[in-house]
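Please keep the sequence and the model at hand while reading.

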Amino acid sequence: MGIRHRIAPLAAVLALAGGLTATAATPALAAQPASGKTTGTAAADGTYLYFNKNQSNPHNSRLYLMQSVPDAKDTVLAKYRAGSGDGGPHGKDECATSQGWLPNGSYQVLAHDAHYNGGDQGINGKVIHVEDKLCENGRTTRAELFVHSEMWPEGSQASPEPGKDNPYRWEGSDDYRSLGCIKLNPTDINNLFSKAERYGWPEKLKVVS
């Protein structure tokens, strides 16, 4: 999720796994699922999300919207810069809750929502909600995982606050940092939603590194 907060300590809030700068931040409190179920159209069109984590720069990774093609190579419908993990010393540890990037593997897409409202300190706007994932240690579950950006529920940007990082305004490359969720900039997540409406909503997310 994409929330950073400069007052509340990280340990004092629930870990949503989202967009966080390496300096003090809080995850979004977004226990409720996104509203739009991704069923029917996606299966017919055979689309899925594919996230390729960049080992040298996790915040310059790539998210693809893919089309399955029977008996042929799958087609790239769209490609976006994306980030996952907080960029700290445990940013590439998939079992580091609220720090590490998303674990490798296949995820079910649970829902999507164009106007998600996570409440105070929560993620907002366009989100794609994916299932929880047990990480490689077999004990730690990464939970409440989203593809999202930084915006208000209706999709607008917060006003700039000089000298402060606003969790509802995209301000630069540092905003690709997260508590584990996949983050896109607002332009790209708007484009992803438009492409998914056109080609079919994906039902799966595949994560590799």
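In this predicted model, 51% of the 209 residues of the chain count as buried. The accessible surface comes to about 9100 Å², and carbon and sulfur atoms account for 50% of that area.

**Overall architecture**
- The chain contains 2 helices and 11 strands, which follow one another along the sequence in the pattern β-α-β-β-β-β-β-β-β-β-β-α-β.
- Among the contacts with a separation of 6 or more, 62% are made by residues 24 or more positions apart.

**Helix 2: dimensions and ends**
- Helix 2 spans residues 186–199, and its 14 residues reach 20 Å from the first C-alpha to the last, close to the 20 Å expected at 1.5 Å a residue.
- At the start of helix 2, a side-chain oxygen of Asn185 comes to within 3.1 Å of the backbone nitrogen of Thr187, while just after the helix Gly200 adopts a positive phi of about 115 degrees.

- The buried residues of helix 2 are Pro186, Asp188, Ile189, Leu192, Phe193 and Ala196, and they lie on the same side of the helix because they cover an arc of only 165 degrees around its axis.
- An α-helix has 3.6 residues a turn, so residues three or four places apart point the same way.
- The cover over these buried residues includes strand 2 (47–52), strand 3 (61–67), strand 4 (75–82), strand 5 (105–117), strand 6 (124–130) and strand 9 (145–148).
- On the face of helix 2 turned away from its buried side are the exposed residues Thr187 and Arg198.

Terms used: Residues are numbered from 1 along each chain as its sequence is written. This is a predicted model: local features need pLDDT of at least 70, side-chain atom pairs count only at pLDDT 80 or more; totals for chains, interfaces and linings use all residues. Side-chain values use heavy atoms; hydrogens and water are left out. Helices (H or I, at least four residues) and strands (E, at least two) are DSSP runs, numbered from the N terminus. The expected span of a helix is 1.5 Å times one less than its number of residues. Buried means under 20% relative accessible area, exposed over 50%, partly exposed in between (1.4 Å probe, protein chains only). The arc is that of the directions from the helix axis to the C-beta atoms. Contact means heavy atoms within 4.5 Å. A polar contact is a pair of N or O atoms within 3.5 Å; within protein, one must be able to donate a hydrogen and the other to accept it, and residues adjacent in sequence count only if both atoms are side-chain atoms. Accessible areas come from the Shrake-Rupley method with a 1.4 Å probe; for residues, only the protein chains shown count as cover.
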